[in-house]
Amino acid sequence: MCTKYPVVLVHGVLGFDKILGYPYFFGVKEALERKGAEVYTASLSGVNSDDVRGEQLWDFIKDVKRKSRKDKVNLIGHSQGALDSRYVAANYADSVASVTSVDGVNFGSESADALRAALEPGSCKEGAVALAFEAFEKAIAFVTGHPFEPEDAVAALDALTTAGVEEFNKKYPQALPDVWGGEGAEIVNGVNYYSWSGIIKDGLCEQGLNELDPLHLWMKHSSKTFVKEADQNDGLVGRYSSHLGKVICSDYSMDHLDAINQIAGIRTNTVDPIELYTDHLEFLRSKGL
């Protein structure tokens, strides 16, 4: 099932490649490699703007191209990682075969809007919260072996709000749907664009083992901050806010972190995230990518 080009997994906000061997994309890289893919996991600033993270991703891709001896990569970005992937595809299209957005913040996050509203710009409260997040991320960066990545929590928050992503989309509109809830173009400037995502669904049969996952309980609480997509969100991103390019599916029964198979594979009884990634690998292969 080997794809023509290597796969680069791109983490979201507060993300990492591995912490003491524990991966952000839990079990994903190994599953894709078992299918014959060449897979790399990027390590970007945990909290920073899309421009900063996007340039970090571009530096990583240049290294991947040298190692793989391939002139393009397939980018799979989770959450903010989708925006970083779009940044690279827009600015360096000749090096990108495809962008796949997984629960991507392609039209902003109502959860980020709520946090932004609670933290007045320039206030002591905003400063204290930003300092705490930046200290946390510096500790994570040290443990993961990337201690010099710049962290800017305020820039990260602003980048994830509806207003922040709206400004980003003005500069990088490639493959965005023209109609709310619709699909965008599948191919723009030679780059293929795809997206898939999930929503939190009620009912024991669909939640399953997720009820034992503390991160899922956090996602369920966060989902209550949504207004526009109150019944159609994954806890951090609304269903239609995730749409980009050809939409494979946007209502899988999974929360925002189920999409990266966290925590340690605890998930619903109805969706196996690993299968979503391996199926998508086959899909990319069928497209000649």
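Biologist: Which residue in β8 does valine 188 stand opposite?

Modeller: In this predicted model, local features need pLDDT of at least 70 and side-chain atom pairs pLDDT 80 or more, while totals for chains, interfaces and linings use all residues. Residues are numbered from 1 along each chain as its sequence is written, and side-chain values use heavy atoms, without hydrogens and water. Strand β7 (residues 187-188) runs antiparallel to β8, joined by two bridges, where strands are DSSP E runs of at least two residues, numbered from the N terminus, and pairing needs at least two DSSP bridges. Within β8, valine 188 stands opposite valine 191.

Biologist: What is the phi of asparagine 189, in the turn between β7 and β8?

Modeller: The two strands form a hairpin, with two residues between them. Asparagine 189 lies in that turn, and its phi is positive, at about 55 degrees.

Biologist: Which residue in β8 is the bridge partner of valine 102?

Modeller: Strand β6 (residues 96-102) runs parallel to β8, and five bridges join the two. Valine 102 has as its partner in β8 tryptophan 196.

Biologist: How many of the nine residues of β8 (residues 191-199) are buried?

Modeller: Val191, Tyr193, Ser195, Ser197 and Ile199 point one way, whereas Asn192, Tyr194, Trp196 and Gly198 point the other way, and all are buried (under 20% relative accessible area, 1.4 Å probe, protein chains only). Strand β8 is therefore largely enclosed by the rest of the structure, the number of its buried residues being nine.

How values were computed:
Buried < 20%, exposed > 50% of the residue type's maximum accessible area, 1.4 Å probe, protein only. Helix = DSSP H or I, 4+ residues; strand = E, 2+ residues; numbered from the N terminus.
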